[in-house]
Amino acid sequence: MKNSLKNKKDIDNLFTKGKSTMVDNVLIKVYDGTPGFLFAVSSKNFKRAVDRNRIKRLMRDEVKGVRPTKSVALIYVGKEVPSKINLQKYLSK
């Protein structure tokens, strides 16, 4: 994905200086930095990498075609793997 954040400094700034908003089971952090997305799922909540990767894939699919103007982190904090429809509801808000 072209719009993903890779630079460690950008990611650190996003988590230390960014503003947080909670929308259902998705924590959204935004910072005026390098434009891009970061997707994260806790391995504490999801032991299997298959589940973490599925959730990140679903989140990536939801923001496909969106050109970010800021650094944005989408962090899934729910306890169970969401369906595509539930994730659409979370991110459409």
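**Figure 1. Lys29 in strand β2.** Strand β2, residues 26–31, is the place of Lys29; strands (E, at least two residues) and helices (H or I, at least four) are DSSP runs, numbered from the N terminus. The model is predicted: local features need pLDDT of at least 70, side-chain atom pairs count only at pLDDT 80 or more, and totals for chains, interfaces and linings use all residues. Residues are numbered from 1 along each chain as its sequence is written, and side-chain values use heavy atoms, with hydrogens and water left out. Lys29 is buried yet has no salt bridge. Buried means under 20% relative accessible area, exposed means over 50%, and partly exposed lies in between (1.4 Å probe, protein chains only). A salt bridge is a side-chain nitrogen of Lys or Arg within 4 Å of a carboxyl oxygen of Asp or Glu. The nearest side chain of opposite charge to Lys29 is Asp12, 12 Å away; Lys and Arg count as positive, Asp and Glu as negative, and His and the chain ends are not counted. The side chain of Lys29 does make a polar contact of 2.8 Å with the side chain of Ser20. A polar contact is a pair of N or O atoms within 3.5 Å; within protein, one must be able to donate a hydrogen and the other to accept it, and residues adjacent in sequence count only if both atoms are side-chain atoms.

**Figure 2. Arg52 in helix α2.** Helix α2, residues 49–62, contains Arg52. Arg52 is buried and has no salt bridge. Asp51 has the nearest side chain of opposite charge, at 7.7 Å. A polar atom of the Arg52 side chain lies 3.1 Å from the backbone oxygen of Lys47. Asp51 itself meets Arg48 in a salt bridge between side chains (3.9 Å, N to O). Arg48 is exposed, with a relative accessible area of 51%.

**Figure 3. Salt bridges between separate parts of the chain.** Side chains of opposite charge can pair when their charged atoms come close. The structure holds five salt bridges. One of them joins Lys70 and Asp32, with the closest N and O atoms 3.4 Å apart. This pair links distant parts of the chain, 38 residues apart: Lys70 is in the loop between α2 and β4 (71–76), and Asp32 is in the loop between β2 and β3 (36–41). Lys70 is partly exposed at 33% relative accessible area, while Asp32 is exposed at 59%. Lys84 and Asp61 also meet in a salt bridge (2.4 Å, N to O). Lys84 lies in helix α3 (residues 84–92) and Asp61 in helix α2, so the pair ties together parts that are 23 residues apart in sequence. Salt bridges with shared partners join Asp61, Lys64 and Lys84 into one network.

Figure 4. Asn3 lies in the segment before α1 and is buried, with a relative accessible area of 16%. Asn3 and Pro68 are 65 residues apart in sequence, and their C-alpha atoms are 7.5 Å apart in space. Asp24 sits in the loop between β1 (19–23) and β2. The phi of Asp24 is near 50°, a positive value in a residue other than glycine. Asp24 is partly exposed, with a relative accessible area of 40%.
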